[in-house]
Amino acid sequence: MLRIQRRLADRLPFYYGWIVLACTCCAGFARQGPAVATLTIFVVPMSEEFGWTASEMAGAVSLGGVLAALCSPLLGPVVDRRGARVMLCAAVLMTGIAALLLSLTSSLFVFYLLFCIARTNFAGPFDLGIYGAVNSWFVQLRPLANSIVTVALMVGLTAMPLIAHAAIEAGSWRTGWIAVGLTVLVTGFVPTFVLMARQPEDLGLVPDGRSPESWLASGTRPHRDPEYSRAEAMRTPAFWVLLAFIMFAYPVQAGVSLHQAPHLLERGLDATSTALVVSLFSFVSGVTGVIFGLLVRRVGVRITLSVTGLLLAGGTVLMPGIETVTDAVVSSILFGAGIGGLLTIPPIAWADYFGRRSFGAIRGVVLTVQVTAQAAGPLVSGALRDTTGSYTLSLWLFAAVSLLAAALVLAAQPPVRTVPRPAPRR
């Protein structure tokens, strides 16, 4: 396969990294099969048929996140050594097959077993593979490349709930899972298997298709990656401040997203309006992800992440007062804008602050915290809903946590090494 990729790279009139980026976009679209925004479409019909509570369904998301947290530190170095191709292909296959089998769900145990497989892939292998590939192939153009990936993720997050909703309306929730599974397999596997390559150096290329010297000669100040190992990165204050932001922001992302549709239905919106609002915040996330990506090197990581936290807080604090579709749209736009920043900026921050050589190893540690935080959000939201009878208390809590994240991340100064030196691959 590498020989075919080298021949193709030699014949293409453009940088092969754009082919790799297209593959990651296909994988990113497929990744959204077990996203919380997709699952939220299934919450009402499945819970009505089986009598499950909100906490019971949220537990599958949380357990899948815990499993991903356990395996991500082990998988991260694999991406550094072997690249993203094998990991993404396996993730697509396992997710697609699990989604198809979810149509045969007959008990809570079966649902947990299958959804946890898909959710573990979503939170671990997909994330490591997608961002490992992008940040390996792009340095100067990293913000643009990550913005494009965010658009693909949000297109998937916009489309998957609509695909599921349309299939459920045409048949049942079982038909919905079949539609999701087939979409994952068709869009994600073939381009990744055939065209994905490990790093530009394997094809005799350099990141971005241009050396730092050529960028400098063209009048552009080149970004030069530092070379931190995982151990070295973890000894810097910036690592822990960024990690704290992740710890506080991601419970909001997952906790609100999973229960968004049930909350809107409780506030009086019909099923079709609810599905459109859920998809709207995904669309907005894609648009704002591009904007954040274009601004991050000009404004800085700290400011853009702080704005992200403020947007999440603004969208969340409006949700308890939703009475009309217009109210839901305004809240969804603010929350979606925050999600756009949350998906786009952190992968750029980790790569810009600590380099690409050990990105997978560093990202693997980060994902342990990230997916644990994502697991906690739906559990908190579901438990408070079951206890109080509404989502109001959890939404106020998430708004406060978002504000805390926005304040903390302002302390994330880029690490400075007095004498740069190459780091051993971890």
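Student: Into how many nonpolar, polar and charged residues does the lining of the largest pocket divide?
Tutor: The model is predicted. Its largest pocket is lined by 26 residues. Sorted by class, these residues are 15 nonpolar, 5 polar and 6 charged.

Student: Which helix supplies the largest share of the lining of the largest pocket?
Tutor: Helix 7 (142-170), helix 12 (271-299), helix 13 (301-318) and helix 14 (325-354) each give at least two residues to this lining. Among the residues nearest the centre of the pocket are Val296, Arg297 and Arg298. The largest share, 6 residues, comes from helix 12.

Student: What is the volume of the largest cavity?
Tutor: The whole structure holds 4 cavities of 30 Å³ or more. The largest cavity is lined by 22 residues, with Arg31, Phe122, Gln253, Leu343 and Gln374 nearest its centre. Its volume is about 210 Å³.

Student: Which helix gives the most to the lining of the largest cavity?
Tutor: By class, the lining of the largest cavity has 13 nonpolar, 5 polar and 4 charged residues. The biggest contribution is 4 residues, and it comes from helix 6.

Student: How many residues of the lining of the second largest cavity are charged?
Tutor: The second largest cavity has a volume of about 170 Å³. It is lined by 14 residues, and those closest to its centre include Asp80 and Arg356. The lining divides into 4 nonpolar and 5 polar residues, and the number of charged ones is 5.

How values were computed: Residues are numbered from 1 along each chain as its sequence is written. This is a predicted model: local features need pLDDT of at least 70, side-chain atom pairs count only at pLDDT 80 or more; totals for chains, interfaces and linings use all residues. Side-chain values use heavy atoms; hydrogens and water are left out. On a 1 Å grid over the protein atoms alone, a cavity is a set of points where a 1.4 Å probe fits but cannot get out, and a pocket is an open set with protein on both sides within 12 Å along at least five of seven lines; lining residues have an atom within 4 Å of a point. Ala, Val, Leu, Ile, Met, Phe, Trp, Tyr, Cys and Pro count as nonpolar, Asp, Glu, Lys and Arg as charged, and the others, Gly among them, as polar. Grid points are joined across faces, edges and corners, and a volume is the space filled by probe spheres set on the points.
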